[in-house]
Structures are given as C-alpha cells and as structure tokens.
Amino acid sequence: MAAALTAMLTFTVTALTIGLATGAQAAALPSAPRASASAGTTGFGCFHRLRAGQARCFGVMKAHRTTSGRMSPFTTGSPTTMGYVPSELRSAYKLGGTSGSGRTVAIVDAMDDPNAESDLAAYRSAYGLPSCTRANGCFRKVNQSGQASPLPSGDYGWSEEISLDLDMVSATCPGCHILLVEAKSANVSDLMKAEDTAATTSGVVSVSNSWGGSEDNTITSFDSHFHHPGVAITASSGDSGYGVSWPASSRYVTAVGGTSLSKASNSRGWTEAAWSGAGSGCSAYEAKPSWQHDSGCAKRTVADVAAVADPNTGVAVYDTYSSCRGGLLCDTELQLGVAQGADGWVEVGGTSVSSPIIASVYALAGNTSQVVNGSYPYSHRSALNDVTSGSNGSCGGSYLCTARSGYDGPTGLGTPNGTGAF
C-alpha cells in the first residue's frame, strides 16, 4: 500500500459544464473532464452522473491521480498547509475592521451535508473565528421549502461544495449569520425553489450560488427566481475557461469571475491575474443590462467582478463527509480512490470560492437596499483592484477572454478593495 501511495501521479482535469435543459444538449457534451492549465486539480464529485436539467457545482480541488486511475484529494490534518486562511483573504481584499453585524448570507446548494455544522465549527475554531451554531442562532440549515426537515439525501461531492461555501462566508465575514438552503436535487426546478426560499428569508442580505450549467433557450424563463430587490445575488462564472454559464449570465445577478492570487512586495501586498479556468464571454440569450456598456457584446457579458479562484492559489477548507469512517485508514482509502469525499483539510479553488466571497463582501458593506442586480460595482469602480493580466482561453485576443485595464470578461471590473464597490 505504501508503494502504491508513493507511485501516485499528479494530473490535471477540471469539471465539464452540463446543459441545464435538454437531453440532446447534455449528450452533445464531452463524456469526461477536459484538460486545463491548472496542475494537479480535479472537479468535485458533484458533476458526476449528471442528467439533463441538472446543474453542477464549481469547486476544484487539488488532487492526485491514483494507481487505480481515479482522482483523490490531497488531505491533511493540519489547517496551516492547505491554502489561504481568513486573515490572508481579508488582507488581500482590505476587509479588516469591517463587520457583518449579524446580517445573514444565504448559500444555495443541492443535497445534504450531514456534517455541515460540525465541520463549520472546526474551521472557525482553527482560525479563532466566533462560534456559529444553531444553538446561538448564527447558523441554520433548511430544505428548499425552508423547513429543518426532511433534509435531502447526503452527497459527498455536494458536501465538499457546501463546506467550501460555509468556510468562505466565515472567512470573509466572520460576524455574518449563515443560512444554508439545500435543494433536494441538482434539478434546476428544485434549485429555483431553494433560491426563492433563501432570498425571501428574513435577515438575508445576499445569496451565493456556486453552481451552474451551459446556456440554452430555457434560461430566461427561470430568471425571475433571481430577481429579489434588496438582496444581492451572486453566481460563479464557471471553471471551464472561456465560455458562458448560467445563472452567471442572468441579468439579475452579480456574475463572479476568478483570479490567481499571490503575495507580493508591492504596496498592496498582493497581486492578481485572471485565472485560466474562470468562465467569461458573451451570453447567447440574456439581454444586455442597462448598466453594462462594453462594445464587444450585444448581450449580457460575464463577469462583473472577481475574487480568488485558482486552485493553485487556493483556500483551506474543512470537510469530513466521506464514504469511509475517518482516520488514517480513511485517508488512505481516499488517496487510493476507493472511497469518496474528504476527511479533513483540503485545498480548494474554482469560482465556487469567489462567489461566496463576493456575497459576503456585499453583507459587510451593508448596502444591499441600494443594490440593483449587478449594477452597483459599475458606478464604484475606484473601490476595486483592476486585474490587467492573464487569459482564460482563445477569443482573438479580445477583452472577453483576456484581462486588461478596465473591464474584461474573466475578472469583470476587478476584485474588492474594501467594501466601497458593494
């Protein structure tokens, strides 16, 4: 067994995007993940076995290819070796001294994470963040109808996504309350019910959606579920590089792209470039919002803003829901690819990181009563870090896939420099 572990090879894949509506579209997509430039990464298990009409989450984890040919996560018992931690994220985006003051950030995901509350407690304890539990009123977990039971079936891949989302809200806005709304499936109809529940729950000021699928001619019929005045709705732009996903393309959301974030010796202390896996581009179906004025796209352009997403400059996440029972044997089974899920600290990226970060910055700003869809950053560009390098694909060198000064597709208007743009 030790020899098998030694023989592991790092490999590169990212999860594919699945069409949201028609079986014909879903069948036309590749049957396996495509290669990308992000070394040693894999999409979460929540993109496996998708059916037509289902969404997938946009988490990407550092991983090994095992001797059995499967992908398994790097897992460690230490939170100090697995990506950026809350203090670093708050430093990178100048969020020190801000507080959510009990405002609630809602997270919409599919399926149940049975260990959500205990894993959240472990993450927050590791970094000295205040307790956030059901007992103290900070954390709530409900089904798509807003009830504490019955909850959906557990799912190892979606549980990794849920842990990521909870941890990023905690890192960005430690004082925020968190509402986790679990749809009973990854079907769009169930996710839309969960979306409405999240956005209409008292106290919720922002909702994060770290999932999506490729566009088709049905998407505009679902857009009304993201139209909740006074609540900021964020959506991940996707992890397959240049190309548009929905609901990021909805005119009612703030579409969140992704960056590679690195420490630097400049005055900011950090530098960012467009992440090669971030989604971007020109929607084929969504009308252009009045607040977007880029000339190279007659319809809605993705993204609006961005935050860290590259798994190679990823974040620390704590998740223990797996098909094994924990401990060294479980870790070995996960590394060999004979078990599913995670068993401790993992390093994660994808635009599933950036969406809850931006939703939490909206909560920190405390300004969502004035937010109209994704428009607010466009009139407050000076409070953003402009990202001017990097690309996520081939588009003839245009701004739709290439970062530049001012607006561009992969990073939108830029990343938070405090809360002034939100």
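Which hand does the crossing of α4 and α5 have? I looked it up: the crossing is right-handed (near helix turned clockwise from the far one by less than a right angle).

I note that this is a predicted model, where local features need pLDDT of at least 70, side-chain atom pairs count only at pLDDT 80 or more, and totals for chains, interfaces and linings use all residues. Residues are numbered from 1 along each chain as its sequence is written, and side-chain values use heavy atoms, without hydrogens and water.

**α4 and α5.** I read an angle of about 40 degrees between helix α4 (residues 116-126) and α5, with axes 10 Å apart. Helices here are DSSP runs (H or I, at least four residues). Axes are lines fitted to C-alpha atoms over the stretch in contact, with angles from 0 to 180 degrees between N-to-C directions. I listed the contacts (heavy atoms within 4.5 Å). From α4, Ala116, Asp119, Leu120, Tyr123 and Arg124 meet α5 residues including Ile162, Leu166 and Met168.

**α5 and α8.** I then took helix α5 (residues 156-172) against helix α8 (residues 351-365): about 35 degrees, axes 8 Å apart. α5 passes α8 in a right-handed crossing. Among the contact residues are Leu164 and Val169 of α5, and Pro356 and Ile357 of α8.

**Thr411.** I found Thr411 in the loop between β20 (384-385) and β21 (415-416). Strands are DSSP E runs of at least two residues. Thr411 is buried, at 0% relative accessible area (buried is under 20%, with a 1.4 Å probe, protein chains only). Beyond neighbours within four places in sequence, Thr411 contacts Gly258, Thr259, Ala274, Asp304, Val305, Ala306 and Val387.

Conventions
Buried < 20%, exposed > 50% of the residue type's maximum accessible area, 1.4 Å probe, protein only.
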